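Here is a briefing for a reader meeting this structure for the first time. Please look over the sequence and the model before reading on.

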Amino acid sequence: MTETTSQMVDRGGLIELDVGDDVRSSSRFNEDIAPTQASERTWSKWNIAALWVGMSICVPTYTLGGVLTAYFGLSVGEALFAILLANVIVLIPLTLNAFPGTKFGIPFPVVLRSSFGILGSNVPCLVRALVGCGWFGIQTMFGGLAIHLLLSELIPAWAALGGVGEVIGFFVFGAMNLYVVIRGAESIKWLETLAAPLLLAVGFGLMVWAWPHMSMTELLAQPPSRPEGASVYGYFFAGLTAMVGFWATLSLNIPDFSRFAKSQKDQIVGQVIGLPLTMFFFAALGVVLTAASETLVGQTVADPVRLIGYIDSPFWVVLAMLLIIIATISTNTASNIVSPTNDFQNIAPKLINQTRGVLMTGAVGVLLMGYDLLQKAGVIPPGVSLEQMYSNWLLGYSSLLGPIAGIMAVDYFLIKKQRLDVPSLYMDSHAYPAVNVAGFIAFGVPVALTLLSLLTGTMNWFYDYGWFTGSALGAIVYFVASQVLASSPQAGPAPIMANEAAEQR
């Protein structure tokens, strides 16, 4: 029997891969990371917007205002403006890096094969996967606490379990998250679409509830914690960089979701609608509720899960915990499990399918939080909170992802000119090299300078503004290195039109 050859088909601007035996038999291909067919690209702008609402409404977003005022020396007004501006800025790499996913239907690891090489793509993939697994562990800890408090209200004897109850909640909540992703993209789509309006309604309700119990005038008038007379600019841009870094991970793996978008317009408009205002509103809600907590519960409480635990009404505590569980699942599944799942598959697609990738993500997330879980279970004595340590580490670590974002955008728009040889992205020894040296030079230079700045204390500005400096330098170095080395094709072949494909059949 004659082996069939894969070909790209243009279906109204969306490129579909007609998979032949050459790609299907390749060790770099499996059905879960295969390009989506045009019929599978069903996410409208409202589905994309709902995705971002679901991912943005979570406990870490709630605490961002407090983080900027306490650790970056900003006033409340400056902090909220930094959050809004950062999420407008991060829309640039998000929408740009979503383009290849929407046009060709390919996930993040396959997009990276163009700029880092077929095998080389595993390096940035695993960098991204480690961050996702870490955040999965942290978000699962929040969700597990919510389950523990929920069961404590419903079953009084459960409260006596203490930390052990939190550990049980951790594993129950983690299993719920993993199940959703194993079910596939449509499960995530419907979870986010159903959760988004509910979460927004609850957020508005909480704002109305808390507003009479605090003074916004007094809150905005509070002086910043930075030294008196110090210039606001350095503090503001350091905080801005941290807030951009909050979604630096998704600015890389956004093709994992845009591959299901109906069109480029849908992915762009959906992200514009869903991200900046949701982040601003929920961060502002965190500031308002924290300020009102003194009146509401008698003490200042910055953690929303703990705050709800102080409410003297079993009905409202149960309802609030259920909503926090829904909010955390909608964040965790999309932002922290999908990417590592695809990234792990990229290592050995014939051995690791989606289900195995999901289970690997869960296992690594549990291992990263293992010390904290043993503390809560009372197996080892309390010490440093690894939740807080990991939160700080992951935010700093995310700044190292900037170069990858810059490399991806330059590769697709300037080097490949929005034309990829999709069949070759799934095969060894074809159009793309095993390792693209230009990609690793462009990644290594800004990362080396960032580490030099961090370890030696010199060039502090390079580290403080790491996402901006890293993405800009990575983009520039990649463009120059690609022209000098010419180790990767400049653009892929033009696809055939749909009517031509029908004639060939």
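The points below go from the whole chain to single residues.

This is a predicted model. The chain has 27 helices and 3 strands. Its radius of gyration is 23 Å, close to the 23 Å that the globule rule gives for 505 residues, so the chain is as compact as a globular protein of that length.

**The whole chain**

- The C-alpha atoms fill a box of roughly 75 × 55 × 45 Å along the principal axes.
- Buried residues account for 56% of the 505 residues.
- The chain exposes about 20,100 Å², and carbon and sulfur atoms supply 68% of that area.
- Take the contacts between residues at least 6 apart in sequence: 81% of them join residues at least 24 apart.

**Aromatic pairs**

- The count comes to 17 aromatic pairs.
- Trp-43 and Phe-260 are both buried.
- Trp-52, Trp-135, Phe-246 and Trp-247 form one aromatic cluster.

**Salt bridges**

- The structure holds 6 salt bridges.
- Glu-31 pairs with Arg-24 in one of them, with the closest N and O atoms 2.5 Å apart. Glu-31 counts as exposed at 53% relative accessibility. Arg-24 counts as partly exposed at 38%.
- Arg-28 forms a salt bridge with Asp-428, and here the closest N and O atoms are 3.0 Å apart. The two residues lie in distant parts of the chain, 400 residues apart. Arg-28 is in the loop between H1 and H2, and Asp-428 is in the loop between H23 and H24.
- Arg-28 counts as buried at 14% relative accessibility. Asp-428 counts as partly exposed at 31%.
- Arg-226 and Glu-78 also meet in a salt bridge, at 2.9 Å from N to O. This pair too links distant parts of the chain, 148 residues apart. Arg-226 is in the loop between helix H11 (216-221) and helix H12 (232-246), while Glu-78 is in helix H5 (residues 76-89).
- Arg-226 counts as buried, with 14% relative accessibility.

**Buried charges without a salt bridge**

- Arg-128 lies in helix H8 (residues 122-154). Arg-128 is buried but has no salt bridge.
- Beyond its neighbours up to four places away in sequence, Arg-128 touches Phe-108, Thr-249, Leu-250, Asn-253, Ser-335, Ser-339 and Asp-343.
- Glu-192 is placed in helix H10 (residues 185-210). Glu-192 is buried and also lacks a salt bridge. For Glu-192, the nearest side chain of opposite charge is Arg-128, 12 Å away.
- Residues in contact with Glu-192 include Ala-50, Leu-51, Gly-54 and Met-55. Ser-330, Thr-333 and Ala-334 are also among them.

**Positive phi angles**

- Gln-418 is not a glycine, yet its phi is positive, near 65°. Gln-418 is in the loop between helix H22 (402-415) and helix H23 (422-425). Gln-418 counts as partly exposed at 30% relative accessibility.
- Ser-429 is not a glycine either, and has a positive phi of about 55°. Ser-429 is in the loop between H23 and helix H24 (437-456). Ser-429 counts as exposed at 73% relative accessibility.

**Two further residues**

- Ser-6 is in the segment before strand E1 (7-11). Ser-6 is buried, with a relative accessible area of 9%. Its contacts outside four places in sequence include Leu-17, Asp-18, Asp-22 and Pro-423.
- Ser-6 and Gly-169 are 163 residues apart in sequence, and their C-alpha atoms are 47 Å apart in space.
- Ala-291 lies in helix H16 (residues 276-297) and counts as partly exposed at 31% relative accessibility. Leaving aside residues up to four places away, Ala-291 touches Met-214 and Leu-219.
- Ala-291 and His-213 are 78 residues apart in sequence, and 8.3 Å apart from C-alpha to C-alpha.

Note on methods:
Residues numbered from 1 in each chain as written. Predicted model: local features only at pLDDT ≥ 70, side-chain atom pairs only at ≥ 80, totals over all residues. Heavy atoms only, no water. Phe/Tyr/Trp six-rings, centres within 6.5 Å; stacked < 30°, edge-to-face > 60°. Buried < 20%, exposed > 50% of the residue type's maximum accessible area, 1.4 Å probe, protein only. Helix = DSSP H or I, 4+ residues; strand = E, 2+ residues; numbered from the N terminus. Lys, Arg positive; Asp, Glu negative; His and termini not counted. Salt bridge = Lys/Arg side-chain N within 4 Å of Asp/Glu carboxyl O. Contact = heavy atoms within 4.5 Å. Rg over C-alpha atoms; globule rule 2.2 N^0.38 Å. Areas by Shrake-Rupley, 256 points an atom, 1.4 Å probe, with all protein chains shown as cover.
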